[in-house]
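This report describes a single protein model. It goes from the overall layout to selected residues.

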Amino acid sequence: MAQLGCKCGYVLRNSSTPNDVQYWVYSDKKMEKICKKDKIKVKKLIDIEDYEVWLCPKCKRLYIFKHGSSKTKYVYKLEEKL
């Protein structure tokens with residue numbers, strides 16, 4: 001369980017499960033391998049993600065972590081399409 005202070009001031013937390021902050025990202029090739037199996041276990045999916053992404057519900061900024069790291073690799077500020 002962790003928390004991260006967003007640049008907008010909101011505090012992101014993944015302490016509750018499920019939550020609206022934490023997302024798991026897989027490559028298309030990896031998802032193809034996952035889907036070929038009859039059963040998908042959530043714990044198994046978490047162990048093989050390529051990236052973990054946290055989405056700030058306030059400003060929609062994305063914080064991206066490489067698999068196995070607690071250090072932010074990328075931060076994206078989403079732009080609203082007009």
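The sections below cover the model basis, the fold, the core, the surface and the backbone.

## Basis of the model

The model is predicted: local features need pLDDT of at least 70, side-chain atom pairs count only at pLDDT 80 or more, and totals for chains, interfaces and linings use all residues. Residues are numbered from 1 along each chain as its sequence is written, and side-chain values use heavy atoms, with hydrogens and water left out.

## Overall layout

The protein has two helices and six strands, in the order β-β-β-α-α-β-β-β from the N terminus. Helices (H or I, at least four residues) and strands (E, at least two) are DSSP runs, numbered from the N terminus.

Of the 82 residues in the protein, 27% are buried. Buried means under 20% relative accessible area, exposed over 50%, and partly exposed in between, with a 1.4 Å probe and protein chains only. The accessible surface comes to about 6,700 Å², and carbon and sulfur atoms account for 54% of that area. Accessible areas come from the Shrake-Rupley method with a 1.4 Å probe; for residues, only the protein chains shown count as cover. Among contacts (heavy atoms within 4.5 Å) between residues at least 6 apart in sequence, 39% join residues at least 24 apart.

## Nonpolar core

In soluble globular proteins, nonpolar side chains tend to be buried together. In this model the largest nonpolar core has nine residues: Leu 4, Cys 6, Leu 12, Val 21, Trp 54, Cys 56, Cys 59, Tyr 63 and Phe 65. A nonpolar core is a set of buried Ala, Val, Leu, Ile, Met, Phe, Trp, Tyr and Cys residues joined through side-chain atoms within 4.5 Å.

Leu 12 belongs to this core. Not counting residues up to four places away in sequence, Leu 12 touches Ala 2, Gln 3, Leu 4, Cys 6, Val 21, Trp 54, Leu 55, Cys 56, Pro 57 and Tyr 63.

Val 53 is part of strand S4, residues 51-55. Val 53 counts as buried because its relative accessible area is 9%. Beyond four places in sequence, the contacts of Val 53 are Val 21, Gln 22, Tyr 23, Val 25, Leu 62, Tyr 63 and Ile 64.

Gln 22 sits in strand S3, residues 22-25, and is buried at 17% relative accessibility. Its side chain makes a polar contact with that of Glu 52 at 2.7 Å. A polar contact is a pair of N or O atoms within 3.5 Å; within protein, one must be able to donate a hydrogen and the other to accept it, and residues adjacent in sequence count only if both atoms are side-chain atoms.

Tyr 76 lies in strand S6, residues 72-76, and is partly exposed at 41% relative accessible area.

His 67 is in the loop between strand S5 (62-66) and S6, and is partly exposed at 40%. The C-alpha atoms of His 67 and Tyr 51 are separated by 5.1 Å. Lys 60, in the loop between S4 and S5, has a positive phi near 70° although Lys 60 is not glycine. Pro 18 lies in the loop between strand S2 (11-13) and S3, and a cis peptide bond with omega about 0° joins Thr 17 to Pro 18.
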